[in-house]
Amino acid sequence: MDVHEQIAFAAYFGELHIHQMAGIIPDLPWVHPIYKDQTAVNGRSHQIWHSDVSYELQPPGLTMLRMDTLPAAGPGGSLAGGDTIWASGYALYESLSPKLRAILETLEAKHSGLEQAEKALKTNGCLRRDPIETIHPVVRTHPVTKWKTLYVNENFTKEIVGIDKRVGDALLDTLYRTIAEAYEYQVRWKWTPNAVAIWDNRVTFHTGIFDYFPHLRHGLRVAPQAEKPYLDGESKTRKEDLESRMS
């Protein structure tokens, strides 16, 4: 699909997100270009697990990404680089102990867009609006499945509010390592030209593999916004719900 079809399809699912700093396509503010080339000398610093723009009051529910320019990588540049990896928030959360889950369900965390905005200004990028920080629950409920999922990420979550910072930082570090290292809950996608990936941004984490420097990788992202993250006390883990249906 072309970019206009991509916009039209994504808009079916909600009001399209306009990124606070990215987007250079005239008259298409909803399109977020994914771009790295030979100038991306610090590109690996961006290879961080995240959910897209989780600092927003209403972060995107779905993300739709089409990659049109794939970089050369591998021996002799014979393979396409820049794979994307996703991890399941459902599976990661239910893998935690019941005691830890009970604690996490009482907590909220601060998500911040300030650091991203500062980087844009330092590199002469644009900034559409003042960056914000938002408080979201550490565990959220998906509004359709009613399942609980972990909702913190290393890129945008800065602290757990209301507890000692050392304790909160240690807890976040544990969760970040769980997200990154629980390979059994991950899927890795090798892009082909003009392939489109659509994922539920509320219940997944993702990261791109920076194995293609100095080659060009380019794609276009469109993301409809969803509800404000919340935790429903009556919701269950995916495993609990499926087991109850079978019993």
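# Exercises on a predicted model

Val-53 counts as buried, because its relative accessibility is 2% (buried means under 20% relative accessible area, exposed over 50%, partly exposed in between, with a 1.4 Å probe and protein chains only). The model is predicted: local features need pLDDT of at least 70, and side-chain atom pairs count only at pLDDT 80 or more, while totals for chains, interfaces and linings use all residues. Residues are numbered from 1 along each chain as its sequence is written, and side-chain values use heavy atoms, with hydrogens and water left out.

## Exercise 1: Backbone angles

Find where Val-53 lies and what its phi is.

Step 1. Val-53 is placed in the loop between β1 and β2; strands are DSSP runs of E with at least two residues, helices are runs of H or I with at least four, and both are numbered from the N terminus.

Step 2. Its phi is positive, about 35°, although Val-53 is not a glycine.

Step 3. Asp-27 is also a residue other than glycine with a positive phi, near 70°. Asp-27 sits in the loop between α1 (3-11) and β1.

Step 4. Is Asp-27 buried or exposed? Its relative accessibility is 73%, so Asp-27 counts as exposed.

## Exercise 2: Ala-40 and Phe-213

Find which residues Ala-40 is in contact with, leaving aside its neighbours within four places in sequence.

Step 1. Ala-40 belongs to the loop between β1 (32-36) and β2 (62-69). It counts as buried because its relative accessibility is 12%.

Step 2. With those neighbours left aside, Ala-40 has contacts with Phe-210 and Phe-213; contact means heavy atoms within 4.5 Å.

Step 3. Along the chain, Ala-40 and Phe-213 are 173 residues apart, yet their C-alpha atoms are separated by 7.4 Å.

Step 4. Phe-213 is joined to Pro-214 by a cis peptide bond, with omega about 10°. Pro-214 is in the loop between β13 and β14.

## Exercise 3: A sheet and one of its residues

Give the strand order of the open sheet that contains β11, β5 and β13.

Step 1. The order is β11-β5-β13, and the pairing is antiparallel; two strands pair if DSSP finds at least two bridges between them.

Step 2. β11 (186-189) and β13 are at the edges, each with a single partner strand, so one side of each has no neighbour in the sheet.

Step 3. From one strand to the next, the twist averages 20°; axes are lines fitted to C-alpha atoms, for helices over the stretch in contact, and angles run from 0 to 180 degrees between N-to-C directions.

Step 4. Four bridges connect β5 (residues 84-88) with β11. Ala-87 is opposite Gln-186 in β11.

Step 5. Thr-204 is part of β13 (residues 204-208). Its relative accessible area is 15%, so Thr-204 is buried.

Step 6. Apart from neighbours within four places in sequence, the contacts of Thr-204 include His-50, Trp-86 and Ala-87.

## Exercise 4: Salt bridges

How many salt bridges are counted?

Step 1. The count is 18; a salt bridge is a side-chain nitrogen of Lys or Arg within 4 Å of a carboxyl oxygen of Asp or Glu.

Step 2. One of them links Lys-165 and Asp-169, with the closest N and O atoms 2.6 Å apart. These residues are four apart in helix α5 (residues 165-181), so about one helical turn separates them.

Step 3. Lys-165 is exposed because its relative accessible area is 52%. Asp-169 is partly exposed because its value is 29%.

Step 4. Asp-200 forms a salt bridge with Arg-202, with 3.0 Å between the closest N and O atoms. Both residues are buried.

Step 5. Glu-227 forms a salt bridge with Arg-202, and here the closest N and O atoms are 3.1 Å apart. This pair connects distant parts of the chain, 25 residues apart: Glu-227 is in the loop between β14 (217-222) and α6 (238-246), and Arg-202 in the loop between β12 (196-200) and β13.

Step 6. Glu-227 and Arg-202 are buried. Through shared partners, salt bridges join Arg-140, Asp-200, Arg-202 and Glu-227 into one network.
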